[in-house]
Amino acid sequence: MLKIWSMKKNEDAAAKKKPKTSAAQIRVQKDLTELDLPSTMQTTFADPADLLNFELKITPDEGMYKGGAFSFSFNIGPNYPHEPPKVKCIPKIYHPNVDLEGNVCLNILREDWKPVLNLNSVMVGLQYLFLEPNADDPLNKEAAEELRRNRDQFLYNVKNSMRGGNIKNEHYDRVTNQ
Amino acid sequence: MNGNSTSSDWDGRYFHVDQILDKPGPRTDPSFLAGDGVKDFLRNQCKILVIGAGGLGCEILANLALSGFKDIHVIDMDTIDISNLNRQFLFRQKDVGKPKATVAAEFIMNRVPGVQVTPYYGKIQDKDEDYYMQFNLVVCGLDSVEARRWINATLVNMVDPENPESLKPLIDGGTEGFKGQARVILPTVSSCYECSLDMLNKPTAFPICTIANTPRLPEHCIEWASVLEWPRVFGDKKLDTDDPEHIGWLFNHALKRAKEFKIEGVTWSLTQGVVKNIIPAIASTNAIIAASCCNEAFKIATSSAAYLNNYFMLIGTDGVYSYTFEHEQRKDCPVCGGESLDISIKKDWTVERLIEMLVEKQDIQIKKPSLSTPTKQIYLQAPPQLEQATRPNLEKKVSELVEDGGDITVTAASLPFNLSLRIKYI
Ligand SMILES: [Zn+2]
């Protein structure tokens with residue numbers, strides 16, 4: 001194989017090293033400024049100068065979680081988009097795919113993440129969880145079990161939890177607006 | 001079975017190629033390892049990626065396999081259409097509807113013993129740097145500017161000053177009717193695809209007044225149907241150029257208009273060609289361009305002869321004319337340029353004025369740019385909170401936010417990558 005490296009001028013290396021906006025930063029700027037969100041999703045930046053940490057509020061207008069407001073924290077690391085953003089559900093909610101620590105079971109946040117995906121795809125994926133909670137990959141096993149076994153009871157539990165009630169000795173945060 | 005299947009290397013298999021590889025010539029690179037060294041590299045170690053398994057890709061795959069590359073990967077996102085069969089010779093009638101990459105790989109492996117071709121049916125954008133890092137060379141036979149820009153930028157960005165292995169030569173072939181070009185891109189070392197973007201022929205667009213009032217060509221009638229009639233009748237409904245019903249509607253309306261103006265030549269396939277901007281593909285042009293791409297791949301992989309530096313142009317429209325020249329790297333190339341694009345503005349220009357200038361600038365073509373410096377946002381188009389937070393900056397002077405010689409990073413949906421501006425005040 002031809003030795004190309006030796007043709008590289010040393011000045012190139014120096015030129016590349018000049019402090020530049022990081023690739024992750026640029027990509028996040030691109031992702032955020034091209035977000036195309038429905039009115040049920042809203043981003044909030046605690047510090048508008050920090051694009052790498054923000055919150056997303058989802059207010060489903062249909063489905064079992066209608067009437068609630070669910071906030072997620074987004075944390076974007078320096079390897080983005082090679083690595084997915086870190087996303088957590090802030091309130092403690094009763095949902096088969098969200099655990100009590102706020103971890104979210106969404107394939108594109110882990111195993112199916114690809115650099116070609118973006119923040120918009122993640123947000124749309126999160127909203128989908130509230131429209132179609134999925135009993136097959138549970139993070140809250142109790143909730144998943146209930147969803148599978150008795151849909152009416154599950155729906156009752158969801159409504160109860162959203163008002164800040166207890167389910168099986170577990171207290172859930174109030175997420176309803178009123 | 002991969003590569004080192006010496007059992008399939010029958011006597012004399014490489015008789016011709018070996019005459020080149022067995023002894024150095026007067027112009028071979030000093031690093032050339034004549035004999036077993038170079039043969040072992042070519043046949044047992046070298047891993048090459050072919051992007052595109054269409055008109056050029058079929059030729060490239062066959063040429064590489066027959067010149068001794070044994071570990072070939074191929075990516076293509078398309079399936080085989082009946083109209084491909086006239087020139088994409090790895091495909092048969094029975095393959096229509098199947099992925100090009102898979103069928104091409106199987107054909108080559110059946111035809112050329114000992115060659116491993118690994119297909120990927122999907123987009124190049126599905127793969128990340130780790131994937132591209134495994135190859136020694138990349139050969140592109142694409143008809144999409146967007147895909148070429150993407151792979152070019154990916155390979156340029158992959159170059160790590162600390163790691164010589166991260167520099168992957170890119171050999172790019174392209175054809176348009178009787179014209180074509182083959183080029184060798186050494187990312188960050190020589191001119192990249194983005195550097196020469198302005199050399200591309202722009203897709204033909206007719207003035208709107210001509211298509212509305214004075215059509216003379218069948219293309220004018222088709223453009224009238226797609227640009228003016230479709231939105232008038234269907235409002236915001238998007239035209240899907242892959243939908244035969246949509247094409248049929250355009251064809252019928254274009255035909256009616258052509259009759260009205262006594263213009264001949266509106267056909268279904270021309271309609272499809274105009275709205276999808278299809279360029280005629282000629283088998284023999286593909287063969288010439290693919291052959292030169294593969295010769296360059298062979299020369300670079302083996303160092304057995306001087307390689308193309310760096311742009312070969314073929315013009316067969318009027319006799320046969322070819323021209324080879326060194327395309328210069330653009331210092332302000334947004335992808336490989338070590339420096340940013342220099343912009344000189346007056347000291348009292350506001351951010352708003354700068355944005356207007358960017359939008360108007362012909363050679364960058366940005367819509368809705370968002371601007372930032374390495375430490376702060378200047379103006380972001382979205383989301384609403386950030387737009388509001390940065391809106392007051394529109395009134396401010398750029399010079400209040402960016403020092404002389406400072407950098408601004410620009411992103412926009414219409415830009416596949418960011419653009420770095422270096423601001424000078426005059
Ligand atoms: Zn360039």
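Okay, let's start with chain A: 46% of its 178 residues are buried, and buried here means under 20% relative accessible area, with exposed over 50% and partly exposed in between, using a 1.4 Å probe and protein chains only. Before I go on, this is a predicted model, where local features need pLDDT of at least 70, side-chain atom pairs count only at pLDDT 80 or more, and totals for chains, interfaces and linings use all residues. Residues are numbered from 1 along each chain as its sequence is written, chains are lettered from A and ligands numbered from 1 in the order in which they are written, and side-chain values use heavy atoms, with hydrogens and water left out.

So what is chain A built from? It has five helices and six strands, and those are DSSP runs numbered from the N terminus, with helices being H or I of at least four residues and strands E of at least two. Walk along the sequence and you get α-α-β-β-β-β-α-α-α-β-β. Now contacts, meaning heavy atoms within 4.5 Å. Take the chain A contacts between residues at least 6 apart in sequence: 54% of them join residues at least 24 apart.

Look for A:Cys105 in the loop between strand S4 (86–89) and helix H3 (119–131). Is A:Cys105 buried or partly exposed? Partly exposed, because its relative accessible area is 21%. Setting aside residues up to four places away in sequence, A:Cys105 touches A:Asn97, A:Leu129, A:Asp137 and A:Leu139.

Over to chain B. Here we have 14 helices and 13 strands, and 50% of the 426 residues are buried. For contacts between residues at least 6 apart, 62% join residues at least 24 apart.

Let me show you a few spots in chain B. B:Gln88 sits in the loop between strand S2 (71–76) and helix H4 (100–111), and B:Gln88 counts as buried because its relative accessible area is 2%. B:Asp348 and B:Ile426 are 78 residues apart along the chain, yet their C-alpha atoms are separated by 9.6 Å.

Last stop, empty space. Rolling a water-sized probe over the atoms shows where it is left. The structure has three cavities of 30 Å³ or more. On a 1 Å grid over the protein atoms alone, a cavity is a set of points where a 1.4 Å probe fits but cannot get out, and lining residues have an atom within 4 Å of a point. Grid points are joined across faces, edges and corners, and a volume is the space filled by probe spheres set on the points. The second largest cavity comes to about 40 Å³, and its lining includes A:Gln25 and A:Leu51 from chain A, plus B:Pro374 and B:Lys376 from chain B.

Definitions and conventions: On a 1 Å grid over the protein atoms alone, a cavity is a set of points where a 1.4 Å probe fits but cannot get out, and a pocket is an open set with protein on both sides within 12 Å along at least five of seven lines; lining residues have an atom within 4 Å of a point.
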